[in-house]
Amino acid sequence: MLLARTNTLVRLGILLALSVLGAYIKLGPSSIAFDAMAGFVAALLMGPAAGALICGLGHVAVAAVTGFPLTLPFHLASAAAMAGVGCLGGLAARRFGLVAGAAVLVVANGILAPALLALLPNPLGLGLFAALALPLTVAAGANAAVALLVVLGLRRAGVEG
């Protein structure tokens, strides 16, 4: 039992470190980066709780790296939205399989999260969705594709969630 908890903590620590590193690999304007890839791996491999944790903390990391361009409160709301994205993707992966989980991660990260966040007070107003939907969806697709390849490789190597 202790070994299982230790393994889980080590995996979460590695994925969080990868998320922070991914925050430095920019995929578009402001805070769009490869931070979500590790969170997507967590969601697909370890489930909704791990996906929520790493996706949420990963967004905080990328927002910090970019200087919180849309204000700290807005980025904390974005981190909560990303936690929801990771949770939804993990649930979908458990229920419907890895590819469905990856698809849910892309749609939730690229469309659902910015639509919800556009309703909050922000410097761009509702234009936030129009400005971010396409680049976020493309970036989420890239993050999900790499995450799916990583998870498939880990499963082939005998590493399970």
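Helices are runs of at least four residues assigned by DSSP, and they are numbered from the N terminus.

Figure 1. The structure shown is a predicted model. Read along the sequence, the protein chain follows the pattern α-α-α-α-α-α. In total, the secondary structure amounts to six helices and zero strands. The protein chain has a radius of gyration of 15 Å, close to the 15 Å that the globule rule gives for 161 residues, so the chain is as compact as a globular protein of that length. The C-alpha trace spans about 45 × 30 × 25 Å along its principal axes.

**Figure 2. Interior and surface of the protein chain.** Of the 161 residues in the protein chain, 44% are buried. The accessible surface of the protein chain comes to about 7,800 Å². Carbon and sulfur atoms account for 77% of that surface. Among contacts in the protein chain with a separation of 6 or more, 69% are between residues 24 or more positions apart.

**Figure 3. Asparagine 143 in helix H6.** Helix H6 covers residues 127–156, and asparagine 143 lies within this helix. Is asparagine 143 buried or exposed? Asparagine 143 counts as buried because its relative accessibility is 1%, and buried means under 20%.

**Figure 4. Contacts of asparagine 143.** Which residues are in contact with asparagine 143, leaving aside its neighbours within four places in sequence? They are Leu27, Ala33, Phe34, Asp35, Ala36, Met37 and Phe40.

Methods
Residues are numbered from 1 along each chain as its sequence is written. This is a predicted model: local features need pLDDT of at least 70, side-chain atom pairs count only at pLDDT 80 or more; totals for chains, interfaces and linings use all residues. Side-chain values use heavy atoms; hydrogens and water are left out. Helices (H or I, at least four residues) and strands (E, at least two) are DSSP runs, numbered from the N terminus. Buried means under 20% relative accessible area, exposed over 50%, partly exposed in between (1.4 Å probe, protein chains only). Contact means heavy atoms within 4.5 Å. The radius of gyration is taken over C-alpha atoms; the globule rule is 2.2 Å times the number of residues to the power 0.38. Accessible areas come from the Shrake-Rupley method with a 1.4 Å probe; for residues, only the protein chains shown count as cover.
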